[in-house]
Amino acid sequence: MATIPVLRCCFLPRIHNLNPSTLTLTTRPAPFFLPLKPKPQNGVVVTRMSNHGSSPPATERLISIAAYTLPFFNSLQYGRYLLAQYPNFAVLFDPIVPFLAFYRSIPYSSFVAFFALYLGIVRNPNLPQYVRFNAMQAVTLDVLLVLPLLLQRIFSPGRAGIGFRIMLWSHNAVFIFTLLCFLYSVSSCVLGRTPYLPFVADAASRQI
């Protein structure tokens, strides 16, 4: 059989004493698997390093959390119908009213925050990858929030009818989606993990 030569090679006898009178044999099995060295790629040895148990510093987490406030603040305009319909739900947002008022008191605050994140963090190679990726996700999500407004200006649904209801449902969906993304991202950053937002993470990773 084909396996017999392989077994013979694995169990070759080793001679410890060449004296015929005291000749002893041992059959130690040879190891089937040998440790493989990483193959060099372009002259550099690539090794996988596991970051299990490691977490980014507190400063990187705070910067990442602050980055996600940009799309969250800009998404509140889509939630005005939902918050007006459910006042008890709107009470939960009362603690952020002073921060939102300060944010909107700055002229062109949205554009300033957008370019500050993109040029100051995303395109800054001196910053850690964790901060740059989170900032890019926040910027990408903020860009996507412009699309519903563009569609609204193009189609002009008015203030009544089926067009207005479609606009109302779409605004509520955008607000809830952004709110869930914000809560998920903030909780992940607090725990030191990397959040991966749907429809956003792939586009953000290609830009880093």
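In which helix is Ala67 found? In this predicted model, Ala67 lies in helix H2, which spans residues 58-75. The relative accessible area of Ala67 is 3%; because this value falls under 20%, the residue is classed as buried. Leaving aside residues up to four places away in sequence, Ala67 is in contact with Leu117, Ala135 and Ala138. A separation was also computed between Ala67 and Arg132, which stand 65 residues apart along the chain. The distance between the C-alpha atoms of Ala67 and Arg132 is 9.8 Å.

Helix H8, covering residues 146-155, gives the most to the nonpolar patch, with 6 residues.

A search covering the whole structure returned 0 disulfides. A disulfide is a covalent bond that joins the sulfur atoms of two cysteines. Cys181 has a relative accessible area of 5% and is buried. Cys189 is likewise buried, and its relative accessible area is 0%. Both assignments follow from the cut-off, because 5% for Cys181 and 0% for Cys189 are under 20%.

Key
Residues are numbered from 1 along each chain as its sequence is written. This is a predicted model: local features need pLDDT of at least 70, side-chain atom pairs count only at pLDDT 80 or more; totals for chains, interfaces and linings use all residues. Side-chain values use heavy atoms; hydrogens and water are left out. Helices (H or I, at least four residues) and strands (E, at least two) are DSSP runs, numbered from the N terminus. Buried means under 20% relative accessible area, exposed over 50%, partly exposed in between (1.4 Å probe, protein chains only). Contact means heavy atoms within 4.5 Å. A disulfide is a pair of cysteine sulfur atoms within 2.5 Å.
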